[in-house]
Amino acid sequence: MDNIQWYPGHMTKTKRMLAAQMGIIDVVIELLDARVPLSSRNPDIDTLAKDKKRVLVLNKADLADEKVTALWEEYFKKQGFFALSVNATENDKAKSGKAKLISVLKKIMSEKVERQKQRGRINSPIRAMIVGIPNVGKSTFINQLAGRASAIAADKPGVTRGRQWIKVGGEFDLMDTPGVLWPKFDDPLVGLRLACTGAVSDNVFDKITLVTHLLEIFISIDPAILEKRYKISVAESDNLLEAIGNARGFKMKGGVIDSERTAITVLDEFRGGKLGRISLETVTK
Ligand SMILES: Nc1nc2c(ncn2[C@@H]2O[C@H](COP(=O)(O)OP(=O)(O)OP(=O)(O)O)[C@@H](O)[C@H]2O)c(=O)[nH]1
Ligand SMILES: [Mg+2]
């Protein structure tokens, strides 16, 4: 894997911008992908936000295993973080993470608000910077909090290119930022998982490599994930990708299974949640 391909220059620029803006920020909200909470944590944020109040938000919780996500929340809370799980695409206010986040922010910021009151000052809005890897849902989450589509969001990494302030009532000012990765993945599995969930551009990894990794995880969780969706028998298949391609009728000239097309399909269906709620990373004790 060529480093340059997945750590483009604009990410270096973004990191510099985040550092430069940090002085005026009250709280840093870091979005993680609930399916890969460890792989989606950018170690650079720990350095950039080391003196700031921090909240970890496990987004895309609707795509992850609910029980596993609850364990991750506990895991991060034990490490001293404020942590909560949300689904930024949820329209139902009662089910969305908005109320949860606002109560956490108010708790975190109560000292500042109290200080301002004592000085007889009118409360200024709490300034929160939303950070995270590409495509994790930062802009979507901001739109959910604001109750309007103020930030551009789309299903590919690298959509947001500059910072943008979005007001939520008079209480919060949220800064949307471009997604950032870090220059080197110490564990190659991290890069692979981030590509599976769509944080790394699709041209960096070979699709068959990605799907082979996914299939291994699915089998270790429960072979029924594949059996139900693709109507195949895992025990009786020597080559799962071929079995899936065959079940879908993805044949090329001469009856050869189109592995590339099969891999793209499995990847898309996983990303779209069609295989069920699947966490690729679980808490190990
Ligand atoms: N299922 C599901 N999809 C989500 C959720 N949050 C965001 N998405 C989808 O994820 C994709 C990326 O969302 P964005 O808000 O553009 O992500 P971003 O972090 O701003 O991405 P960059 O600006 O490229 O860094 C979009 O297709 C969203 O609809 C969620 O909680 N659940
Ligand atoms: Mg964005």
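Helices H10 and H11 are roughly perpendicular to each other, because their axes cross at roughly 90°. The model is predicted.

**H10 against H11**

- Helix H10 spans residues 240-248 and helix H11 spans residues 259-271, and their axes come within 9 Å.
- On the H10 side, the contact is made by Leu 241, Ile 244, Gly 245 and Arg 248.
- These meet Ser 259, Thr 262, Ala 263, Thr 265, Val 266 and Glu 269 of H11.
- By class, the residues of this contact of H10 with H11 are 4 nonpolar, 4 polar and 2 charged.

**H7 against H11**

- Helix H7, residues 188-197, has an axis that comes within 9 Å of the H11 axis and crosses it at roughly 80°.
- H7 is therefore roughly perpendicular to H11.
- Ala 195, Cys 196 and Thr 197 in H7 are in contact with Leu 267, Phe 270 and Arg 271 in H11.
- The contact of H7 with H11 consists of 4 nonpolar, 1 polar and 1 charged residues.

**Ligand 1**

- There are 23 residues around ligand 1, of which Asp 62, Lys 138, Thr 140, Gly 158 and Val 159 come nearest.
- Asp 62 has a polar side-chain atom 2.8 Å from a nitrogen atom of the ligand.
- Asn 87 places a polar side-chain atom 3.1 Å from an oxygen atom of ligand 1.
- Val 136 has a polar backbone atom 3.2 Å from an oxygen atom of ligand 1.
- On its own, ligand 1 has 660 Å² of accessible area, and the protein covers 89% of that area.

Technical notes:
Residues are numbered from 1 along each chain as its sequence is written. Chains are lettered from A and ligands numbered from 1 in the order in which they are written. This is a predicted model: local features need pLDDT of at least 70, side-chain atom pairs count only at pLDDT 80 or more; totals for chains, interfaces and linings use all residues. Side-chain values use heavy atoms; hydrogens and water are left out. Axes are lines fitted to C-alpha atoms, for helices over the stretch in contact, and angles run from 0 to 180 degrees between N-to-C directions. Helices (H or I, at least four residues) and strands (E, at least two) are DSSP runs, numbered from the N terminus. Angles under 35 degrees count as roughly parallel, over 145 as roughly antiparallel, 65 to 115 as roughly perpendicular and the rest as oblique. Contact means heavy atoms within 4.5 Å. Ala, Val, Leu, Ile, Met, Phe, Trp, Tyr, Cys and Pro count as nonpolar, Asp, Glu, Lys and Arg as charged, and the others, Gly among them, as polar. A residue is near a molecule or strand if one of its heavy atoms lies within 4 Å of it. A polar contact is a pair of N or O atoms within 3.5 Å; within protein, one must be able to donate a hydrogen and the other to accept it, and residues adjacent in sequence count only if both atoms are side-chain atoms. Accessible areas come from the Shrake-Rupley method with a 1.4 Å probe; for residues, only the protein chains shown count as cover.
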